[in-house]
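Hi,

Here is the structure I promised to send over. Have a look at it first, and then read on for what turned up.

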Amino acid sequence: MRVWLTMAAALLAQAAYAQDAAQPPDGAALFRTQCGTCHALQPGEVRQGPNLAGVYGRKAGSVPGYKYSAGFAEADWAWDEAHLDPYLTNPQSVIKGGVMGYRQGKPEVRRAIIDYLQA
């Protein structure tokens, strides 16, 4: 009987794990923990990095009063998925001389953050 209970508990634990693994990443939580130290989303709030309120669709390097690295002067495009995904993967490959140290190798995490920024 004890063996069956142990096996049943193990199967329930596996099922719970599989259900958690199937849930998509939470973009808001990921932003808070991975981006929120340096970037704010509340208009006018200043942190180490530029404010990201309304970043999706905004011209790169255009937050008034923020001193961007030199590479942003050459960025003649707006933030969209085509730019955010590679930027979050490796910022220096998109903006030469950029100073953002964050890199995210997991596509599902980048997707959740981008979706959150777009909303």
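The cover over the buried residues of H5 includes helix H2 (27-35) and H3. Keep in mind that this is a predicted model. The H5 residues that are buried are Val109, Arg110, Ala112, Ile113, Ile114 and Leu117. H5 itself has 12 residues and reaches 16 Å from its first C-alpha to its last, close to the 16 Å expected at 1.5 Å a residue.

Next, how H3 sits against H5. Helix H3 (residues 81-89) packs on helix H5 (residues 107-118) at an angle of about 130°, and their axes are 10 Å apart. The two helices are therefore oblique to each other, and H3 passes H5 in a right-handed crossing. On the H3 side the contact is made by Glu81, Leu84, Asp85, Leu88 and Thr89, and on the H5 side by Arg110, Arg111, Ile113 and Ile114. Sorted by type, the residues of this contact come out as 4 nonpolar, 1 polar and 4 charged.

Is Trp79 buried or exposed? Trp79 counts as buried, because its relative accessibility is 7% and the cut-off for buried is under 20%. Leaving aside neighbours within four places in sequence, Trp79 is in contact with Val55, Tyr56, Gly57, Arg58, Lys59, Ala60, Gly61, Phe72, Leu84 and Tyr87. Leu84 is also one of the H3 residues in the contact with H5. As for Gly54, it lies 25 residues from Trp79 in sequence and 9.7 Å from it in space, C-alpha to C-alpha.

Cheers

Definitions and conventions. Residues numbered from 1 in each chain as written. Predicted model: local features only at pLDDT ≥ 70, side-chain atom pairs only at ≥ 80, totals over all residues. Heavy atoms only, no water. Axes fitted to C-alpha atoms, helices over the stretch in contact; angles between N-to-C directions. Helix = DSSP H or I, 4+ residues; strand = E, 2+ residues; numbered from the N terminus. Parallel < 35°, antiparallel > 145°, perpendicular 65-115°, else oblique. Left-handed = near helix turned anticlockwise from the far one by under 90°. Contact = heavy atoms within 4.5 Å. Nonpolar A, V, L, I, M, F, W, Y, C, P; charged D, E, K, R; others polar. Expected span 1.5 Å × (residues − 1). Buried < 20%, exposed > 50% of the residue type's maximum accessible area, 1.4 Å probe, protein only.
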